[in-house]
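My entries follow in the order in which I looked.

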Amino acid sequence: MTDTLLPNGIKDSGGDGKYFRKGCNPFAQTGRSKLQNKRASLNQQIIKQMRMRAGAENLLKATSNNKVKEMVLLELSYVNSNLQLLMGQLEGLNSSVDVYQSAQETANIPLIALGLKETKEVDFSAPFKDLILEHYSEDGNSFEDEIADLMDLRQACRTPSRNDGGVELFAKYFSHIPLIESRFFSPTRQTGIFFTWYDSFTGVPVCQQNLSLEKASILFNMAALYSQIATRSDRQTIVGLEEAISSFQKAAGILNNLKETFTHTPSYDMSPAMLSMLIRLMLAQAQECLFEKTALPGIRNQFYTLMKMAQEAAKVSEIYDQVHQSMIQTPIKDNVPLFWSTMSQVKTNHYRSMAHYFVASALLDHRLGPNDDEDQQEKTLSQVYDQLPEGRSPLDILKKKDERHRIGKAHIRRAILGHEEALRIYGLCHHSNKMEVLQDILIASHQRSLNKLSENEIEEEFTDYMEAPDIISKTEHKAEMEVPATTKVKVIDFFQRLGPLSVFSAKQRWTAPRTIRLRPEDRDLGFTLKGESPVQVVSLDPLCPAAADGLKEGDYLVVVGDTDCKWMGVSEVMRLLKDVNEEGIDIQVVSMMDSNPPMPTKSATFCGNLPKTYSMICLAYDDDDKNPKSRKVTKKSSFLSWGLKNKLKSASTLSLPTADHSGSLPWNKPCPTFPSSSSYNNDSALY
């Protein structure tokens, strides 16, 4: 079950200057790669059956011929049966937890790892080249390497290695997405790029044109990868347990971030209810690893140590019970694998039985001696029980041998019943038959409790039906959500040659580059420059040759001579223009067409599979725009004093949301639809 890496072959121009990982070899015959290949194949079969079902349902609605209806209904029954079989196979893949366990794992209860969401390949080449040519007035073919690097990075995220390198790969692509969104995804223009991701539990495809689904799915896969790293850790060592604890807590933190940030993701595995359950599951497994870390050095057969471990085990049981309760809620129970709910129920009973076994051992194996701290033991015992049997006090139990013996045996009987219930539930799940390690642990725990009971049986003793009281759960180390620092990493924009994002983005509009011939008069070019990169023309003399040649106030310099100056500051551009001779020099400038988009931003979200559109207009208000004729243009006397005088006042902008319900606004127009495939319009039947 090793992860095979492809050799690095492409230089990462969008990172730290190093080579980025290509991910695992998708053709490597490892257990995990075979599992993902089966998942991808099942997803394709599911979408094929869904298309057939959609076509049959449409035909059933359209026809009035009874004979045709009978044939269609028969076909629908076959399709639905095939879908149920495929869903069962997908559930089996999600239940294959043995693939993700450590190779050295032979003595610990298996843990559950999340499977990675599958996606289709996306070809950015043609849409990005067209937009670069049309929007940025650049040759799109000159950006082939950058586009190829982006596509390679996304492709590598489909087969990440199960270590920190795989997490870094996800984080790197996730950090690139906002840059790509700013460069190429405008709120007023569709790129024609569709992102398709498959539901991790149902295999149902979800397709969107915006990048929200892409971001959410990458976060989900990052959390899934952390869960796989945790299950792969060697839990026979302190270092391995600490890695598992940290990884589970990070997985929970990422899932919580996903839940709070992307509230309307139309994929059921990322719905708030499902994410809440997954967060509880990750924290429960982290708490289980914390318990194992406490028990790994060995549990000392002392009264206080046994009582402490009893409360720790009760805490693990309590958390798993909460996980199980969330799994059996509608509609989660219809999509969560049966093996998952079985495992949570088995662990609830197993760790509760362990808690009763520890209390029984403390009461049956130890007596209150003259050198023992009576008050301390009484306090410890009172903190273990929520409610004592009627007529009994902690001190009575500690001092009276018969009472101590009776309650100790009651605890061991309850432990035996809990182990038997865990074994019964284990036997009901057909997927659990593969987990021999789990079965061996349950049988050994049950036998240990039986041995403890037989050791304390007294001949001619009457049958005692006293029930042991519940044990209060308590832990010294509670599992908490942890947001990893690697969620976002610093990256360099693949398309930085297009210019600074503050100006050259998909939301901004500007003219095509214009060539202006600069000829200085008495070393005065007739304008000054200001701002960070790219520099902007200000204080333009309307009578200078540059103005006559077409230079305008507020233009941005993009090229000086043969030098691209989009990323240059004022001082660097000044050095290029400082030694201009009488013949002059050509510069290229662009003019902003409008600072505010003419249409409101639209964002499509999904609630119950029905698209809703939310819009907001930001209105700009500028005092200087009230009377543009009143502006006075002053001539700059010297080129060497650029940026030192005549500083412009910054305009104030007021953003106001509008609430116009007249019906004439642009967002009342029909929303863009998904691709014409009927499968995407009929997926709601599986939710």
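**Helix 8 and helix 9.** I began with the crossing of these two helices in the predicted model, and I noted that helix 8 passes helix 9 in a left-handed crossing. The axes of helix 8 (residues 272-295) and helix 9 (residues 303-327) come within 9 Å and cross at roughly 165 degrees. That makes helix 8 roughly antiparallel to helix 9, since an angle over 145 degrees counts as roughly antiparallel. When I listed the residues that make the contact, I found Met-277, Leu-281, Ala-284, Phe-291 and Ala-295 among those of helix 8, and Met-309, Ala-313, Val-316, Ile-319, Tyr-320 and Met-327 among those of helix 9.

**Helix 13 and helix 14.** I then turned to helix 13 (residues 401-428) and helix 14 (residues 436-455), whose axes are 9 Å apart and which pack at an angle of about 155 degrees. Helix 13 and helix 14 are therefore roughly antiparallel to each other, and I recorded a left-handed crossing where helix 13 passes helix 14. The contact includes Ile-412, Ala-415, Ile-416, His-419 and Leu-423 of helix 13, and from helix 14 it includes Leu-438, Leu-442, Ile-443, His-446 and Leu-450.

**The chain as a whole.** I wanted the overall count before going on, and the secondary structure of the protein chain comes to 17 helices and 12 strands. Of its 687 residues, 48% count as buried. Among contacts with a separation of 6 or more, residues 24 or more positions apart account for 76%.

**Aromatic rings.** How many aromatic pairs does the structure hold? I found 15 of them. One is formed by Phe-124 and Phe-195, a tilted pair at 6.2 Å centre to centre with 50 degrees between the planes. Phe-124 lies in the loop between helix 2 (66-94) and helix 3 (125-135) while Phe-195 lies in strand 1 (residues 195-198), so this pair ties together parts that are 71 residues apart in sequence. Both Phe-124 and Phe-195 are buried. For Phe-504 and Trp-510, I read ring centres 5.2 Å apart and planes at 85 degrees, so that pair is edge-to-face. Phe-504 counts as buried at 2% relative accessibility, and Trp-510 counts as buried at 9%. I also noted that these four rings belong to one aromatic cluster, which includes Phe-128, Tyr-136, Phe-143 and Phe-184 as well.

**Charges over rings.** The charged end of Arg-497 sits over the ring of Phe-143, 4.1 Å from its centre.

**Arg-154.** Is Arg-154 buried or exposed? With a relative accessible area of 4%, Arg-154 is buried, and I placed it in helix 4 (residues 144-156). Leaving out residues up to four places away in sequence, I found that Arg-154 touches Phe-124 and Phe-195, and that its other neighbours include Glu-121, Tyr-173, Trp-197 and Glu-214.

**Ser-505.** I looked up Ser-505 in the loop between helix 14 and strand 3 (509-510), where it counts as buried at 7% relative accessibility. Not counting residues up to four places away in sequence, Ser-505 touches His-135, Tyr-136, Ser-182, Arg-183 and Trp-510.

**Gly-88.** Gly-88 is in helix 2 and is partly exposed, with a relative accessible area of 32%. I noted that Gly-88 and Pro-337 are 249 residues apart in sequence, yet 8.9 Å apart in space, C-alpha to C-alpha.

**Backbone exceptions.** I kept in mind that most residues other than glycine have a negative phi, and that most peptide bonds are trans. The peptide bond from Thr-330 to Pro-331 is cis, with omega near 5 degrees, and Pro-331 is in the loop between helix 9 and helix 10 (338-364). A cis peptide bond also joins Ser-533 and Pro-534, with omega about -5 degrees, and I found Pro-534 in the loop between strand 5 (528-530) and strand 6 (536-538). Ser-137 has a positive phi of about 55 degrees; this serine is in the loop between helix 3 and helix 4 and counts as partly exposed at 32% relative accessibility. Phi of Ser-539 is near 50 degrees, also a positive value, and Ser-539 is buried, with a relative accessible area of 8%, in the loop between strand 6 and helix 15 (545-548).

Technical notes: Residues are numbered from 1 along each chain as its sequence is written. This is a predicted model: local features need pLDDT of at least 70, side-chain atom pairs count only at pLDDT 80 or more; totals for chains, interfaces and linings use all residues. Side-chain values use heavy atoms; hydrogens and water are left out. Rings of Phe, Tyr and Trp (its six-membered ring) pair if their centres lie within 6.5 Å; planes under 30 degrees apart count as stacked, over 60 as edge-to-face and the rest as tilted. Helices (H or I, at least four residues) and strands (E, at least two) are DSSP runs, numbered from the N terminus. Buried means under 20% relative accessible area, exposed over 50%, partly exposed in between (1.4 Å probe, protein chains only). A charge sits over a ring if NZ of Lys or CZ of Arg is within 6 Å of the ring centre and within 35 degrees of the ring normal. Axes are lines fitted to C-alpha atoms, for helices over the stretch in contact, and angles run from 0 to 180 degrees between N-to-C directions. Angles under 35 degrees count as roughly parallel, over 145 as roughly antiparallel, 65 to 115 as roughly perpendicular and the rest as oblique. A crossing is left-handed if the near helix is turned anticlockwise from the far one by less than a right angle, and right-handed if clockwise. Contact means heavy atoms within 4.5 Å.
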